[in-house]
Amino acid sequence: MNFQRGAEKEPLEINLVPLIDVMMVILIFLMISTTYSKYTELEINLPSAEAAKQPERPNEIAVLVNARGQLVINRVPMVFTTIDTLADALRKAAGGAKEPVVVISADANTTHQAVVRVMEAARVAGLAHITFTTQSNK
């Protein structure tokens with residue numbers, strides 16, 4: 001009977017140099033084969049959603065902006081003079097509500113600047129939660 005153990009094999013070593021070489025070749029191939037295209041025109045197709053109407057929340061501040069840039073905050077008309085006066089009006093509308101949400105309803109023909117003014121005033125007033133309303137396509 002042979003009770004002698006065979007020579008134990010040493011653990012197999014993994015040579016990393018060929019692995020690194022292969023990875024470099026793949027990286028170079030991907031860098032060369034990738035096409036970089038410049039967009040001269042940006043085509044945007046906005047998604048539409050079919051969702052149920054959200055329930056009214058007591059901590060909402062409704063801001064309406066018409067096509068001429070006139071503002072209505074919680075059904076009270078306001079004349080825009082400066083960002084600070086608009087921020088004061090938003091603070092007053094928020095009252096003591098915990099984490100109020102500014103809901104901006106802007107006309108489709110409203111200038112972008114009118115909406116940005118409302119967003120900037122909300123930031124100055126410390127109102128971090130802003131959302132927009134849309135019209136459903138029914």
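Tutor: Aspartate 107 lies in the loop between β4 (101-106) and α3 (112-125); helices (H or I, at least four residues) and strands (E, at least two) are DSSP runs, numbered from the N terminus. This is a predicted model, in which local features need pLDDT of at least 70, side-chain atom pairs count only at pLDDT 80 or more, and totals for chains, interfaces and linings use all residues. Residues are numbered from 1 along each chain as its sequence is written, and side-chain values use heavy atoms, with hydrogens and water left out.

Student: Leaving aside neighbours within four places in sequence, which residues is aspartate 107 in contact with?

Tutor: Contact means heavy atoms within 4.5 Å. By that criterion, aspartate 107 touches Val65, Asn66 and Ala67. Alanine 67 is 40 residues from aspartate 107 in sequence, yet their C-alpha atoms are 5.5 Å apart.

Student: At what angle do the axes of α2 and α3 cross?

Tutor: Axes are lines fitted to C-alpha atoms, for helices over the stretch in contact, and angles run from 0 to 180 degrees between N-to-C directions. Here the axes of α2 (residues 83-94) and α3 cross at roughly 65 degrees and come within 8 Å. Residues making this contact include Leu86 and Leu90 of α2 and Val118 and Ala122 of α3.

Student: What does a side-chain oxygen of asparagine 15 reach at the start of α1?

Tutor: That oxygen comes to within 3.5 Å of the backbone nitrogen of valine 17.

Terms used
A polar contact is a pair of N or O atoms within 3.5 Å; within protein, one must be able to donate a hydrogen and the other to accept it, and residues adjacent in sequence count only if both atoms are side-chain atoms.
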